[in-house]
Amino acid sequence: MILLNLERNNRMPIFKQIYQQLKQLMENDTLKPGYRMPSTRALAERHGINRSTVYKAYEELWAMGYLESRPGSYSIVRKRQKIATNGQRSKRGLISWDKLSSDAGQML
């Protein structure tokens, strides 16, 4: 079972604390791809919070690519692709808009 350190007196909303702590566990590979997350109900009961709070955190994790979920099924940690930094991006395949655009398009 996942144990989270939720601070009720913290200015940060509880759902955001859940999101950040779970995200950190996934990025550190403590929660590995394929791991079946506890249900929103079970995690909410475990920490004495509202189920919709956990649901909102899970939605954020899904939107950021950390979780896979299907209606009526468990959420599963997914392998997330790392975002390339500017130094890691290749120049090949990039469109040179300066060369392709006309002078009229550069009036702004």
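## Terms and basis of the model

A residue is called buried when its relative accessible area is under 20%, exposed when it is over 50%, and partly exposed in between, using a 1.4 Å probe and protein chains only. By that scale Glu68, at 35% relative accessibility, counts as partly exposed.

The structure is a predicted model, in which local features need pLDDT of at least 70 and side-chain atom pairs count only at pLDDT 80 or more, while totals for chains, interfaces and linings use all residues. Residues are numbered from 1 along each chain as its sequence is written, and side-chain values use heavy atoms, with hydrogens and water left out.

## Overall layout

The secondary structure of the protein chain comes to 4 helices and 2 strands, and along the sequence these follow the pattern α-α-α-β-β-α. Helices (H or I, at least four residues) and strands (E, at least two) are DSSP runs, numbered from the N terminus. The protein chain has 108 residues, of which 25% count as buried.

Contact here means heavy atoms within 4.5 Å. Among the contacts in the protein chain with a separation of 6 or more, 51% are accounted for by residues 24 or more positions apart.

## Helix H1

H1 has 14 residues and reaches 20 Å from its first C-alpha to its last, close to the 20 Å expected at 1.5 Å a residue, where the expected span is 1.5 Å times one less than the number of residues in the helix. Its buried residues are Ile14, Phe15, Gln17, Ile18, Tyr19, Leu22 and Met26, and they pack against H3, E1 and E2. Just after H1, Asp29 takes a positive phi of about 65°.

Gln17, buried with a relative accessible area of 4%, is in contact with Asn5, Leu6, Glu7, Asn10 and Met12. Ile18 touches Leu4, Leu6, Ile49, Thr53, Val54 and Ala57. Leu22 has a relative accessible area of 0% and touches Ile2, Leu4, Leu31, Met37, Tyr58 and Leu61; Leu22 also lies 9.3 Å from Tyr66, C-alpha to C-alpha, although the two are 44 residues apart in sequence.

## Helix H3

H3 (residues 51-63) has 13 residues and reaches 18 Å from its first C-alpha to its last, close to the 18 Å expected at 1.5 Å a residue. Within H3, the buried residues are Val54, Ala57, Tyr58 and Leu61. They cover an arc of only 100° around the axis, which puts them on the same side of H3; the arc is that of the directions from the helix axis to the C-beta atoms. An α-helix has 3.6 residues a turn, so residues three or four places apart point the same way. What covers the buried residues of H3 includes H1, helix H2 (40-47) and strand E1 (67-68), whereas the face turned away from the buried side carries the exposed residues Trp62 and Ala63.

At the N-terminal end, H3 is capped by Asn50, a side-chain oxygen of which lies 2.8 Å from the backbone nitrogen of Ser52. Just after H3, Gly65 takes a positive phi of about 85°.

## The nonpolar core

A nonpolar core is a set of buried Ala, Val, Leu, Ile, Met, Phe, Trp, Tyr and Cys residues joined through side-chain atoms within 4.5 Å. The largest one has 21 residues, and those with the most contacts inside it are Ile18, Leu22, Met26 and Met37. The elements that give two or more residues to this core are H1, H2 and H3, and the largest share, 6 residues, comes from H1. In soluble globular proteins, nonpolar side chains tend to be buried together.

## The strand region and its salt bridge

A salt bridge is a side-chain nitrogen of Lys or Arg within 4 Å of a carboxyl oxygen of Asp or Glu, and a search of the whole structure finds 1. In it the side chains of Arg70 and Glu68 meet, at 4.0 Å from N to O. Arg70 is exposed, with a relative accessible area of 54%.

Ser75 is found in the loop between E1 and strand E2 (76-77) and, at 11% relative accessibility, counts as buried. Not counting residues up to four places away in sequence, Ser75 touches Tyr35, Arg36, Met37, Tyr58, Leu67, Glu68 and Ser69.

Methods
Polar contact = N/O pair within 3.5 Å; in protein donor to acceptor, adjacent residues only side chain to side chain.
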